[in-house]
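This report is meant for someone who is looking at this chain for the first time. Please keep the sequence and the model in view while reading.

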Amino acid sequence: MLSAMILLPLLAAGLILRLDAQRARQFALGTTLLLLAFGIVLWSRFDSSTAAFQFIERYEVFGGFFSWHLGIDGISLVLILLSVFLMPLAILAGWDSVQTRVPEYLAAFLVMESFMIAVFAAMDILLFYIVFEAGLIPMYLIIGVWGGARRIYASYKFFLYTLLGSVLMLLAILWMIREAGSTDIPALMAHDFPAPAQTWLWLGFFASFAVKMPMWPVHTWLPDAHVEAPTAGSMILAGVLLKMGGYGFIRFSIPMFPEASVELMWLVFALSMVAVVYTSLVALAQADMKKLIAYSSVAHMAFVTGGLFAFNAQGVEGAMVVMLSHGLVSAALFFCVGVIYDRLHTREIERYGGLAANMPRYATFFMLFTMASIALPGTSGFVGEFLSLLGMYQASSLLGLVMTTGIILGAAYMLWLYARVAFGKLLKADVAAMPDLRPREWAVMLPLGLSVLAIGIYPAPIVAPLKAPVQSLVARVARADPPATPVVRPRLARAPASPPA
């Protein structure tokens with residue numbers, strides 16, 4: 001089934017190039033819905049009681065040096081479900097807004113979906129590297145061909161940043177294969193690499209995953225890419241592609257190099273604390289809606305890195321739920337921007353105001369996703385950020401305190417954005433003439449809104465597949481004996497001891 005999910009969109013992409021625009025849209029939507037059905041079947045057949053990889057497929061290539069080796073655990077399952085859920089919504093999001101080279105545009109999305117599924121299902125490290133890097137190509141084309149005025153600059157910046165970090169990862173991978181004598185990811189996860197080498201290997205992988213997340217200070221490509229990308233491109237970039245960096249930390253950096261991960265956890269904590277404060281303050285100063293949401297993505301990814309490197313079950317599970325929630329919420333927020341951009345052709349916050357009066361349904365969905373972004377209880381954002389903060393506080397009270405300010409600052413810039421767009425007096429004639437949601441926009445908003453509420457109210461079906469692999473990951477790191485970070489807690493005054501009789 002995994003091979004079918006990877007190869008089917010590639011085949012469909014080739015066929016779409018021979019169709020006219022309208023039939024290409026219908027064929028692409030049908031293909032992505034079929035992949036969503038495959039994902040639901042995977043979910044229904046998945047055994048959540050074990051951390052072992054399931055749905056294994058293996059075909060030897062080049063005499064065993066490289067293999068088509070696929071399989072998933074609970075972490076892979078959740079991210080594949082996110083990918084196949086968002087892709088049909090992205091196809092609908094660009095249904096009318098993209099009118100040039102439509103078959104090529106849709107083919108790029110299908111190729112990207114194939115590579116996204118392959119990244120999360122690959123169990124051969126060389127296969128992982130190939131599809132991890134190949135995913136850059138369709139997004140590079142989507143930004144560079146169908147993007148905004150500065151699309152060439154943004155696409156080159158996106159490509160060069162991500163490619164540069166991945167070169168160092170390739171060198172680390174080649175050394176690991178020579179040392180361990182295998183390209184199988186499960187075998188590499190169980191191999192004990194020499195402690196001195198682990199630090200260099202960890203830094204090689206970190207160079208790639210930190211850019212992909214993105215972490216501060218290698219985040220500067222993201223705002224430019226989001227601003228210039230079409231709406232559907234921003235939805236997939238924020239919803240899935242950023243999660244590949246977090247997946248890389250979980251699958252490679254932490255289990256393969258546990259001693260180095262413990263030794264360098266202070267670096268990740270420091271970068272996460274700077275990111276959540278700095279990028280939140282930068283978001284407060286933005287006049288472009290897409291840039292504001294892009295900087296909020298960097299702040300939310302800091303919760304992921306902080307939770308992962310807390311090295312406890314609450315932190316890692318919380319980081320995974322934050323990735324899932326952010327994938328849904330950020331895609332929804334970018335679509336909300338795209339809806340009004342299609343009507344007024346500007347993203348400047350100052351051009352809007354009072355949309356709740358003439359677009360009440362739009363304002364309701366926008367409010368829901370804003371509340372989810374600031375982690376309101378009852379939404380998916382609350383579940384993930386509460387768990388990750390709980391895990392971070394157990395690791396370091398300072399980390400927990402600083403990261404909590406991210407929720408406060410996040411509420412400040414998101415509520416500021418919503419208030420200026422939806423509330424106030426409806427004074428501009430062109431804004432007053434904007435119609436409310438159309439049926440196609442309802443078809444995108446409603447599944448996203450229901451998913452955000454479902455995970456916020458009852459997260460068990462999503463959290464259950466994560467528990468076993470997370471426990472295995474925490475046990476793997478425990479052998480490295482993470483140094484206990486002093487936790488500052490208030491002390492109760494004690495009565496003086498009675499003198500001895």
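## The second largest cavity

Helix H14 (265-284), H15 and H20 each supply at least two residues of the lining of the second largest cavity, where helices (H or I, at least four residues) and strands (E, at least two) are DSSP runs numbered from the N terminus. H20 gives the most to this lining, with five residues, and the lining residues divide into eight nonpolar, five polar and one charged. In this division Ala, Val, Leu, Ile, Met, Phe, Trp, Tyr, Cys and Pro count as nonpolar, Asp, Glu, Lys and Arg as charged, and the others, Gly among them, as polar.

The second largest cavity has a volume of about 80 Å³. It is lined by 14 residues, of which His300, Ser373, Gly406, Ile407 and Gly410 are the closest to its centre. A cavity here is a set of points, on a 1 Å grid over the protein atoms alone, where a 1.4 Å probe fits but cannot get out, and lining residues have an atom within 4 Å of a point. Grid points are joined across faces, edges and corners, and a volume is the space filled by probe spheres set on the points.

## Basis of the model

The model is predicted, so that local features need pLDDT of at least 70 and side-chain atom pairs count only at pLDDT 80 or more, while totals for chains, interfaces and linings use all residues. Residues are numbered from 1 along each chain as its sequence is written, and side-chain values use heavy atoms, with hydrogens and water left out.

## The largest cavity

A search of the whole structure finds five cavities of 30 Å³ or more, and the largest of them has a volume of about 100 Å³. Its lining consists of 14 residues, with His300, Ser325, His326, Val329 and Ser373 lying nearest its centre.

Helix H15 (289-308), helix H16 (313-344), helix H18 (360-373) and H19 each supply at least two residues of the lining of the largest cavity. The largest share, six residues, comes from H16. By residue class, the lining of the largest cavity divides into five nonpolar, eight polar and one charged.

## The pairing of H19 and H20

Helix H19 (residues 380-395) and helix H20 (residues 397-422) pack at an angle of about 155°, with their axes 7 Å apart; axes are lines fitted to C-alpha atoms, for helices over the stretch in contact, and angles run from 0 to 180 degrees between N-to-C directions. H19 is therefore roughly antiparallel to H20, a term used for angles over 145 degrees.

In H19, Glu385, Leu389, Met392 and Tyr393 meet Ser397, Leu399, Gly400, Met403, Thr404 and Ile407 in H20, where contact means heavy atoms within 4.5 Å. The residues of this contact divide into six nonpolar, three polar and one charged.

## Overall form and backbone details

The protein chain has 23 helices and two strands, and its C-alpha atoms fill a box of roughly 85 × 70 × 40 Å, taken along the principal axes. With 501 residues, a compact globule would have a radius of gyration near 23 Å, and the 23 Å of the protein chain agrees with this; the radius is taken over C-alpha atoms, and the globule rule is 2.2 Å times the number of residues to the power 0.38.

The peptide bond from Met213 to Pro214 is cis, with omega near -5°, and Pro214 lies in the loop between helix H9 (195-212) and helix H10 (221-228). The bond from Trp216 to Pro217 is also cis, with omega near 10°, and Pro217 is found in the loop between H9 and H10.

Key
Angles under 35 degrees count as roughly parallel, over 145 as roughly antiparallel, 65 to 115 as roughly perpendicular and the rest as oblique. On a 1 Å grid over the protein atoms alone, a cavity is a set of points where a 1.4 Å probe fits but cannot get out, and a pocket is an open set with protein on both sides within 12 Å along at least five of seven lines; lining residues have an atom within 4 Å of a point.
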